[in-house]
Amino acid sequence: MDAFLQYFLPCFYSFVACIAFCVLFNIHTGILICALGGALGWLVYLFCGPVFQSDILQSFVAALFISAYSETMARIRKCPVTGYLLVAFFPLVPGGGIYYAMEHAINGETELFLDVLLHTLGVAGSLAVGVLLVSSVVRLLNIAQRRRHVRRNAAR
Amino acid sequence: MEYDRLLNLSTEIGYGLLESGAEIYRVEESIQRILLAYGLTTGEVFAIPNCITVSLVTPEGKALTRVRRMPTHGTDIDLLELYNDLCRHLCVETPSMDEAEARCGAIRGRRRAYPFWVELGAYFLGAAFFTLFFGGTVLDALCGGLCGLSIALCLTFLTRLRTNLFFKTVAGGAVSALLALGLSLIGLGKNVDFITIGALMLLVPGLIFTNAMRDIMAGDTMSGITKTAEALLIGAAIALGTGVALWLARLIWGGVV
């Protein structure tokens, strides 16, 4: 029951929310694949919790997973990766950070405000680095594949 | 070979891609591949988030250039996939100019869109489930959904007035935060923070941010930096909007909220 509340429910929530976001971005085919990416990404985030104890690192690992998942799915379905990546990332976006930073700013708690703000930027940065890493590896693979292709054609 | 028509066609496809939310490198590569597929070796493309420039030199040595300015645009993954498919098709089969132009013209008609009420439902569900996701109760989720609806109506109205993205985000954030505070004063919602955050997720610049990162990695640093700045601005707009609402509420109701 504990595991259910701790792992299944949040992932289910993010799954449904991602379906709604698919509609907002006018995605028609492959809605379930996109939403599954969001749910699995959050599952990875939760599983990494006990190991890393830091949401910046957790976000980083989840970002790696989501990018790899999206690139694979885009390859399989032969369509742009943009949609998958976009929707699956939403549960990781530090929306709470923006809000709490703002709240501290209004209350005049400068130290807390800076703390939360820097933390939020840290999470956003780790997400960015996650996407960067995977997409550059994919570019490398693409170029290697194209080269092999060209070489094979030349050998004939 | 009519290079004027080729130039127009490839620019049109690039424009469509950029308009529906493609990354810069995808736009540039697509145009370049079409030009290559039709036998040119001298096609040059330069795109930034709000402009595309395509230039080519015909085999006779005549230089042709087109520039298209991009207004502010949304995200439309269905349209993006259609243009991407068309580009693939043109590169593999290189049909005649007439057929290619006909296909390009037909794309807007083939695009599928959800009816308005489905979109409203999506705004409701998205905000409601993100409220639950961040730890709200079921009643909070209901309030979050209502705030999501208010954001939807606000955005639709302001889009009709052609307001810029920054102001739209400020207004959306302010309206939803005010509604969240009001609903919690009535006693319907308990956790104002979860409700507001859930509704805010609808305004977060997710696409801009991920695309910015991918652009930077692809070597389009300038576009990447422009988009990163845009994402940060929108983040600030969200904070500003909700901040104004919270501050107003505290001014009116005192320390209750």
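Student: How many salt bridges are found across the interface of chain B and chain A?

Tutor: In this predicted model, the rule finds 2 salt bridges across the interface of chain B and chain A. Over all chains, the count by this rule comes to 14 salt bridges.

Student: What makes the pair A:Arg139 and B:Glu29 a salt bridge?

Tutor: The rule asks for a side-chain nitrogen of Lys or Arg within 4 Å of a carboxyl oxygen of Asp or Glu. The side chains of A:Arg139 and B:Glu29 meet at 4.0 Å, N to O, and the pair is therefore called a salt bridge under that cut-off.

Student: Why is the meeting of A:Glu71 and B:Arg214 called a salt bridge?

Tutor: Here the N to O distance between the side chains is 3.1 Å, and because the limit is 4 Å, the name applies. A:Glu71 lies in helix H3 (residues 55–77) of chain A, while B:Arg214 lies in helix H9 of chain B, so this pair joins two chains.

Student: What makes the side chains of B:Arg214 and A:Glu71 a polar contact as well?

Tutor: A polar contact needs a pair of N or O atoms within 3.5 Å, one able to donate a hydrogen and the other to accept it. The side chains of B:Arg214 and A:Glu71 make such a contact at 3.1 Å. Across the interface of chain B and chain A, the rule finds 10 residue pairs in polar contact, both residues being at pLDDT 80 or more.

Student: How do you know whether B:Arg214 is buried or exposed?

Tutor: A residue counts as buried under 20% relative accessible area. B:Arg214 has 5% relative accessibility, and therefore it counts as buried. A:Glu71 is buried too.

Student: Which residues does B:Arg214 touch?

Tutor: Leaving aside residues up to four places away in sequence, B:Arg214 touches A:Glu71, A:Val81, A:Leu85, A:Val131 and A:Ser135 in chain A, along with B:Glu23 and B:Tyr25 in chain B. Its place is in helix H9, which covers residues 206–218 of chain B.

Student: How many residues does each chain bring to the contact?

Tutor: Chain B brings 56 residues and chain A brings 49 residues. The area buried between chain B and chain A is about 4,500 Å², and carbon and sulfur atoms give 73% of it. Of the area that chain B buries against chain A, B:Tyr114, B:Phe133 and B:Arg214 supply 15%, more than any other three residues.

Student: What is the link between B:Arg68 and B:Glu12, and where do the two residues lie?

Tutor: B:Arg68 forms a salt bridge with B:Glu12, the closest N and O atoms being 2.9 Å apart. The pair links distant parts of the chain, with B:Arg68 in strand E3 (residues 63–69) of chain B and B:Glu12 in helix H1 (residues 3–19) of chain B, 56 residues apart.

Student: Which residues are joined into one network by salt bridges that share partners?

Tutor: Salt bridges that share partners join A:Glu71, B:Glu23, B:Arg26 and B:Arg214 into one network.

Definitions and conventions:
Residues are numbered from 1 along each chain as its sequence is written. Chains are lettered from A and ligands numbered from 1 in the order in which they are written. This is a predicted model: local features need pLDDT of at least 70, side-chain atom pairs count only at pLDDT 80 or more; totals for chains, interfaces and linings use all residues. Side-chain values use heavy atoms; hydrogens and water are left out. Helices (H or I, at least four residues) and strands (E, at least two) are DSSP runs, numbered from the N terminus. Buried means under 20% relative accessible area, exposed over 50%, partly exposed in between (1.4 Å probe, protein chains only). Contact means heavy atoms within 4.5 Å. Buried area is the accessible area (1.4 Å probe) that two parts lose on being put together, summed over both.
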